[in-house]
Amino acid sequence: MAPAVTVKGLSKHFRTKVKQAGVAASVRGIFRPGYKEIDAVAGIDFQIEAGEILAFIGPNGAGKSTTIKLITGILYPDAGEIDVLGLNPHRQRRELAYRIGTVFGQKSQLWFHLPPIDSFHLLGTIYDLSRTQTQHRIDFLTEVFELSEFMDQPVRKLSLGQRIRCEMAGSLIHEPEILFLDEPSIGLDVVVKQRIRDLIKRINEERGVTIFLTSHDAGDIEKICRRAMVINHGAIVWDGTVNEMKYSLLNQRILAVRMDGPAEVRTPGARVLKRKDHSMKIQIDLDTTRTETVIAELMKQSSIEDITISATPMEEVITHIYESEHGS
Amino acid sequence: MTAKPRRGTGILRLMGHYFRFNLSANMAYKGSFIIQVFGMALNNSAFIIFWYFLFQRIGGDIKGFDFNDVMFLWALAAMGFGMSVVLFGNTPFISRVIYSGELDVYLLQPKPVLPNLLASRMIVSGWGDIAYGLILFSATQPMSLQSWALFLLFSVLMLLVLTAVRTLYHSLTFFFGNAESFAQMAGEMTITFMLYPGSIFKGAPMIVLHSLIPAALVGYIPIRVFKEFDPVLMAVVVLADLAVVAAAAGLFKLGLRRYESGNRMATRL
């Protein structure tokens with residue numbers, strides 16, 4: 001099967017006006033404006049297979065949104081090649097638009113003062129669906145996203161979670177083959193976040209929709225995505241499976257133990273992060289020592305009442321990538 | 001997969017949908033709708049009194065223009081402006097849509113960007129202008145099939161040229177950052193200059209009014225054709241108006257290549 005997205009040597013730079021603080025600098029800027037060149041995307045290459053769920057992550061200003069905008073045909077690239085479903089996004093923008101869907105957490109495609117059902121019918125017209133086809137899709141999406149309760153309420157009266165569900169349903173009205181989700185869970189509570197994650201997985205599993213997801217939420221990445229790609233300073237600094245990222249990249253384990261008496265940890269490579277009474281949280285560096293060595297040391301001193309071994313939290317792995325040499 | 005789109009349906013179907021859609025969105029606030037429509041008609045009416053007394057004082061003629069001629073220009077301006085903001089209500093907001101990054105939404109849809117953008121909003125007070133234009137024309141001009149046909153045709157040309165002039169100058173935002181005030185001024189100047197008897201302008205100002213601020217193309221020449229039908233002049237003015245529309249569409253398309261998007265939070269109103 002041909003890849004859904006192929007990107008080769010993609011670059012985009014912006015020229016931004018710079019100005020020193022103060023009125024005098026503003027006046028000077030009129031006659032001698034200063035500019036700064038920013039390489040938002042600096043020659044990146046990657047492929048996404050059809051049916052994949054990819055997490056595209058990076059710190060603010062790393063180039064995530066610019067990359068999505070280049071792939072979807074919003075921005076013109078300065079250099080490089082982009083192929084999305086066999087189409088060139090900026091030369092065949094309209095053809096591509098029929099086959100992709102987008103949800104930008106910050107930008108709504110629903111009319112604020114009208115109920116979602118009206119926006120869905122309008123989107124049906126935008127995507128050249130007949131009235132019957134649109135109604136058929138609305139019925140299907142209403143059921144999947146459980147929208148029936150608030151389909152007739154103006155969007156301005158919906159909660160953020162309800163609105164995001166409507167945004168996702170709207171982006172799927174024309175049955176896209178790829179769904180681009182830019183920060184879909186921003187500002188949502190944990191319950192709604194989980195619901196959105198379940199819906200994304202369901203769309204992928206049942207309809208085969210390729211998902212391209214950007215998020216700052218480690219939970220989104222861990223719970224939905226099989227593959228993660230990290231961008232920083234416009235360059236791809238990590239590309240692999242989420243499991244590799246979690247278990248190999250930051251080669252550490254977190255050991256949480258409750259002892260029935262006092263105990264100390266002296267094994268090199270093991271560090272107590274937190275201690276309360278006879279409970280401890282220990283970070284173990286697997287390049288230096290083994291988990292069983294630390295457990296054995298503890299058992300020599302006292303009995304273990306409870307124990308949990310986990311990988312380093314995803315947030316820390318991501319922070320490590322951003323801050324380490326990979327990310328610099 | 002349950003439904004496949006019928007591709008290639010024209011932008012006209014979408015514009016029709018936007019029209020019904022925006023009308024219903026504005027009707028959500030009925031009180032505001034009525035106040036805006038009647039307020040605009042009332043505001044325009046004040047100028048009739050001004051022109052009436054002016055012509056009374058100066059003997060009823062300004063370089064070949066009488067009171068009824070000026071009323072024709074007012075009716076035409078009101079109709080063209082009203083139709084422009086009712087059908088293409090996003091025109092005054094093009095710069096804002098560009099610099100805030102809201103253009104993303106239109107670029108992601110499978111429709112030509114410019115008509116999709118322009119038609120996606122309706123300014124409800126435009127209905128007041130349309131009503132005012134129709135009433136003023138009925139009250140001050142001869143009632144014949146030809147006069148109504150010409151009036152409606154010139155109103156459509158005015159709608160196209162005014163929308164094009166604003167689009168043209170707003171498109172400079174792609175190149176210079178923010179041309180909102182400049183574009184607003186160009187649109188206002190086009191309307192202001194077309195409301196005066198064109199015969200009072202000579203030389204350089206007349207050249208400007210045929211080109212950069214094409215008020216003559218929508219006011220001075222149409223009234224000449226209206227008063228004394230000239231098919232050649234009619235054809236020339238239609239072609240000139242279409243050239244302005246083509247220039248606006250061309251500059252906007254060129255600007256899209258320089259579009260930089262943005263990350264401002266946005267909702268659709």
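A: Domain bounds are taken from an automatic or database domain assignment. For chain A that assignment gives domain 1 (5-13 + 46-246) and domain 2 (251-311). The C-alpha centres of domain 1 of chain A and domain 2 of chain A are 42 Å apart. The model is predicted, so local features need pLDDT of at least 70 and side-chain atom pairs pLDDT 80 or more, while totals for chains, interfaces and linings use all residues. Residues are numbered from 1 along each chain as its sequence is written, and chains are lettered from A and ligands numbered from 1 in the order written.

The part to look at is an open sheet of four strands in chain A, in the order E12-E13-E11-E14, with antiparallel pairing. Helices (H or I, at least four residues) and strands (E, at least two) are DSSP runs numbered from the N terminus, and two strands pair if DSSP finds at least two bridges between them. The edges of this sheet are strand E12 (270-276) and strand E14 of chain A, each of which pairs on one side only. From one strand to the next, the twist averages 20°; such angles run from 0 to 180 degrees between N-to-C directions of axes, which are lines fitted to C-alpha atoms, for helices over the stretch in contact.

The hairpin of E12(A) and E13(A) has two residues between the strands, and Asp277(A) takes a positive phi near 50° in it.

Next comes the pairing of strand E13 (residues 279-285) of chain A with strand E11 (residues 252-259) of chain A, antiparallel over seven bridges. Gln252(A) faces Asp285(A) in E13(A). Ala256(A) has Lys281(A) as its bridge partner in E13(A).

On the E14 side, E11(A) pairs with strand E14 (residues 304-311) of chain A, antiparallel and over seven bridges. Here the bridge partner of Ala256(A) is Thr308(A). Ala256(A) therefore has a bridge partner in E13(A), Lys281(A), and another in E14(A), Thr308(A), as two strands pair through DSSP bridges.

Helix H10 (residues 291-301) of chain A lies across E11, E12, E13 and E14 of chain A, running at about 20° to E11(A). Contact between residues here requires C-beta atoms, placed from the backbone, within 7 Å.

Chain A also has an open sheet of three strands, in the order E2-E1-E4, with antiparallel pairing. Strand E2 (34-48) and strand E4 (79-84) of chain A are its edges; each has a single partner strand, so one side of each lacks a neighbour in the sheet. The twist of this sheet averages 30° from one strand to the next. Strand E1 (residues 5-18) of chain A runs antiparallel to E2(A), and twelve bridges join the two. Arg15(A) stands opposite Glu37(A) in E2(A).

Helix packing in chain B gives another picture. The axes of helix H3 (residues 67-87) of chain B and helix H8 (residues 145-170) of chain B come within 8 Å and cross at roughly 55°. H3(B) and H8(B) are therefore oblique to each other (under 35 degrees is roughly parallel, over 145 roughly antiparallel, 65 to 115 roughly perpendicular, and the rest oblique). The H3(B) side of the contact includes Leu76(B), Met79(B) and Phe81(B), and the H8(B) side includes Phe151(B), Met158(B) and Leu162(B). The residues of this contact divide into ten nonpolar, four polar and no charged (Ala, Val, Leu, Ile, Met, Phe, Trp, Tyr, Cys and Pro are nonpolar, Asp, Glu, Lys and Arg charged, the others, Gly among them, polar).

H3(B) also meets helix H13 (residues 220-227) of chain B, with axes that come within 11 Å and cross at roughly 120°. That makes H3(B) oblique to H13(B). Asp69(B), Phe72(B), Leu73(B) and Leu76(B) in H3(B) meet Pro222(B), Ile223(B) and Phe226(B) in H13(B). By class, this contact has six nonpolar, no polar and one charged residues.

Terms used. Two residues are in contact if their C-beta atoms, placed from the backbone, lie within 7 Å.
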